[in-house]
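Me: I have a model open and want to go through it with you. Can we start with a single side chain?

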Amino acid sequence: LGSDAQRWNDLYISGAISASGGHFDFDSDSFIDLNAASRFDVDAGGVLSLDSTNSITIGTAQDVPINIDATTFDVDASSTLTLDATRFNIGHVGDSPMDVEVSTLNIGASGYLHLSSSATLDVDASGAITINGESTTAISSSGALSIDSETGINIGTTTDKPIDIDASTFDVDASGALTIDSATSIGIGTNADKPIDIDSTTLD
């Protein structure tokens, strides 16, 4: 319909447009605007590609829901990948495995940060694991709380701070020497007089 030398300026059509036999090519010196009063459906028997030399924007006029159903979903960015929302839900419909592999992972929360698992929560690091609390750091367990190390377990290594241990029973076992030192004094049974039983080969 027309040619490069003889072009139509405006084309008004009422009804359906059907084309077959070759590819569809739209060219415009400015922009191409497609509007649908109810639904806009694009189907491709092969690959559906969207390309731009500038940018690709979806939902710029107003915020509307976007639903993507895919066998796999791959997002690659040559620069920064940014996700912003008032709330993030991952695995909201059903529990599924999630694997995150990054050089560094920084999670910052202006409010409450909650990690929960119905099974096991495993944190591994080839380097150091650091947990800092500006106020109180609480670690609770409904079962046994175990702290193990292949080299050493140190508490209060940066600066000397008070340590308070309240226990129904307190058992200390050492495969080597058990050493208790103090720069001022060592008090045993200071709150109330209690029996002390010491069994030793020698007492110095």
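Reply: Start with R39, which counts as exposed at 64% relative accessibility; exposed means over 50% relative accessible area, buried under 20% and partly exposed in between, with a 1.4 Å probe and protein chains only. This is a predicted model, where local features need pLDDT of at least 70, side-chain atom pairs count only at pLDDT 80 or more, and totals for chains, interfaces and linings use all residues. Residues are numbered from 1 along each chain as its sequence is written, and side-chain values use heavy atoms, with hydrogens and water left out.

Me: What does R39 form a salt bridge with?

Reply: D41, with the closest N and O atoms 3.9 Å apart. A salt bridge here is a side-chain nitrogen of Lys or Arg within 4 Å of a carboxyl oxygen of Asp or Glu. D41 is partly exposed, at 46% relative accessibility.

Me: How many salt bridges does a search of the whole structure find?

Reply: The search finds 1.

Me: Secondary structure next. How many helices and strands?

Reply: 0 helices and 0 strands, counting DSSP runs of H or I with at least four residues as helices and of E with at least two as strands. The radius of gyration is 34 Å, well over the 17 Å from the globule rule for 204 residues, so the protein is more spread out than a compact globule. That radius is taken over C-alpha atoms, and the rule is 2.2 Å times the number of residues to the power 0.38.

Me: What does the C-alpha trace span?

Reply: About 115 × 30 × 30 Å along the principal axes.

Me: And what share of the residues counts as buried?

Reply: 0% of the 204.

Me: Last one: how exposed is I131?

Reply: I131 has a relative accessible area of 66%, which counts as exposed.
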